[in-house]
Amino acid sequence: MRNDGNVLIATDTAGRMLELAQLLDQMWRNTESGLTTYSLALLNNVSFNVVEFAKSQVEWMSDKIMRAFEDNRNNPFQFKHLKLCHNLAELARVPEPKVVLASTPDLQSGYSRDLFVAWCGNSKNSIILTSRTSPGTLTRWLIENQEAKTVTLEIRRRIKLDGAELEEYVKRKQDQEQEDIRRKVELALKGDVDSSDESETEMEVDSFYTSGVKGKHDLMRKAENKSRTGFFKQAKKAYPMFLFQEEKLKWDEYGEVIRPEDYIIADPVPADEEKSKEVWSPLTCFCLFTSREVPTKCVSSTVTLDINANVLYIDFEGRSDGDSIRRYLTQIKPRQLVLIHGPEEATSSLADYCHTANAVQGRVFCPSVGDVIDATTERHIYQVRLRDQLASSLNFAKARDIELAWIDGQIDMSAGRTDTSAMSEGKGQESMDTKDNKEEEEEPVAELVPTLYPLPPSQVQPHTAVFVNEPKLSDFKLVLINAGIPCEFVAGVLICNNVVAVRRESGRIQVEGTLCPDYFKVRELLYEQYAIV
């Protein structure tokens, strides 16, 4: 940038882009970095929405960001130097030289591709690639061919229709609208037949529209030399009148369907154009009042671009390399391991390392595409029978879709056998009668099911209450508002009626405040969000 060049950083729309934006904005705030004289911009279609959503999710971020938020009372994503742009026109108003975070990372589409085409020919500019995208993409090709000086691309752009193409489009549009109007009129006439007189009148209207005369408000004319086919005498005479079509309102789950064309405001005609109004063509009127936007078409062309800019690949994907994965597995020592989405050679090498270094306690699975594996890790689940006395004394607490209860009991392994031979329905009483004593001795042994007996009250030890759930402060705020307690977020802390503070620290929710009715009410509502066992 000291050479008056621009920098393009190709990144995703939301995710790693937030980390890069926060990191760069911190660098721009440091006056010793010398970057304050340059511009920093974020370019994508939803830049404002992404940043606003990130501001509301501070409580779920790292401890470092939380501490910075609590100490400085400033949102980490309240950018001071980063300018949010939604199109190339807004970016053009940002002074150069500048650093632009643009989507998408593969340079196949989006603003990053447009900026690459515009900036790659200038040797003062730089292109920074942050991820190694899929094979076949422009980013992957640039990473694998860093010495290349030219690249052939297919450029697609949308241009406005003009001349004969625009006239043909407008004519086709008018014909389509006339056809739609005619079809609606026919359907309305067919659906409103109530009497023979009205039916005969509608036949005249139908013949009028099918005779080639077009127009929505033309007077109905009596057909000449038309013989009457009705047996009864006609009591009503059809007078010429304007055609009226009753529009039936359409409804959906949100109410009446709104037609945008009913709310289009026509541009006022300037005074100088009123004088020349008689020379307007129907095409001009149609484009001004009917079509708010000039129709466009998409054209593509193949061009060869010179790559004079400095292209750099800085790995910011967050993926681990082979050494770090081995180090993690040695420290974690998982019970079982499933290796997927990798080349066969790399997968086999990592599996061999896990076997030789005893990094995995159990099995290592290397399935192919479509393979089904059984990686069940629950080893200490047993089936027991509860005594009626113990089952009736349980106090269940509901947590979302399940119910939990604390049990204090003693297992008896000597009683409670279940006959598993009765599981098959094909063996009836007739087959049992024909079996001799030798066959009866060869029947499968009944499966042993232990029985859980309640402990005497004197042997039951007290236990600490267990809170099962992980409520969000944003959801708890809605609960408080529904209960009539005013509350709002202040620096990441939920302030309730200016007397009680609810905060989240190290994964736990703390309630602070003076002992008052509001404090006990807030605490009771918070307890209701958990399943207390």
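## Report on the predicted fold

The accessible surface of the protein is about 37900 Å², and carbon and sulfur atoms hold 50% of it. Areas follow the Shrake-Rupley method with a 1.4 Å probe, and for residues only the protein chains shown count as cover. This is a predicted model, in which local features need pLDDT of at least 70, side-chain atom pairs count only at pLDDT 80 or more, and totals for chains, interfaces and linings use all residues. Residues are numbered from 1 along each chain as its sequence is written, and side-chain values use heavy atoms, with hydrogens and water left out.

**Overall build**

The protein has 17 helices and 25 strands. Both are DSSP runs numbered from the N terminus: helices are H or I with at least four residues, strands are E with at least two. The protein has 533 residues, and 26% of them count as buried. Buried means under 20% relative accessible area, exposed means over 50%, and partly exposed lies in between (1.4 Å probe, protein chains only). Residues 24 or more positions apart account for 68% of them.

**Cysteines**

The structure holds zero disulfides. A disulfide here is a pair of cysteine sulfur atoms within 2.5 Å. For Cys496, the closest cysteine sulfur is in Cys487, at 5.2 Å, so the pair is too far apart for a bond. Cys496 is buried, at 1% relative accessibility. Cys516 is also buried, with a relative accessible area of 18%.

**A helix pair**

Helix α11 (residues 322–332) packs on helix α12 (residues 344–356) at about 30 degrees, and the axes are 11 Å apart. The two are therefore roughly parallel, a label for angles under 35 degrees; over 145 is roughly antiparallel, 65 to 115 roughly perpendicular and the rest oblique. Axes are lines fitted to C-alpha atoms, for helices over the stretch in contact, and angles run from 0 to 180 degrees between N-to-C directions. The crossing of α11 and α12 is right-handed. From α11, the meeting residues are Ile325, Arg326, Leu329 and Thr330. Their partners in α12 are Ser349, Leu350, Tyr353 and Cys354.

**Backbone in the loops**

| Peptide bond | Form | Omega |
|---|---|---|
| Glu96 to Pro97 | cis | near -5 degrees |
| Ser103 to Thr104 | cis | near 15 degrees |

Pro97 is in the loop between α4 (88–92) and β4 (98–102). Thr104 is in the loop between β4 and α5 (111–119). Leu107 also lies between β4 and α5. Its phi is near 60 degrees, a positive value in a residue other than glycine. Leu107 is buried, at 0% relative accessibility. His341 has a positive phi too, about 55 degrees, and is not a glycine. His341 lies in the loop between β11 (337–338) and α12. This histidine is exposed, at 82% relative accessibility.

**Around Leu452**

Leu452 lies in strand β19 (residues 451–454). The residue is buried, with a relative accessible area of 10%. Leu452 and Val384 are 68 residues apart in sequence, yet 6.5 Å apart in space, C-alpha to C-alpha. Leaving out residues up to four places away in sequence, Leu452 touches Arg385, Leu386, Arg387, Leu390, Ile407, Gly409, Gln410 and Ile411.

Terms used: Contact means heavy atoms within 4.5 Å. A crossing is left-handed if the near helix is turned anticlockwise from the far one by less than a right angle, and right-handed if clockwise.
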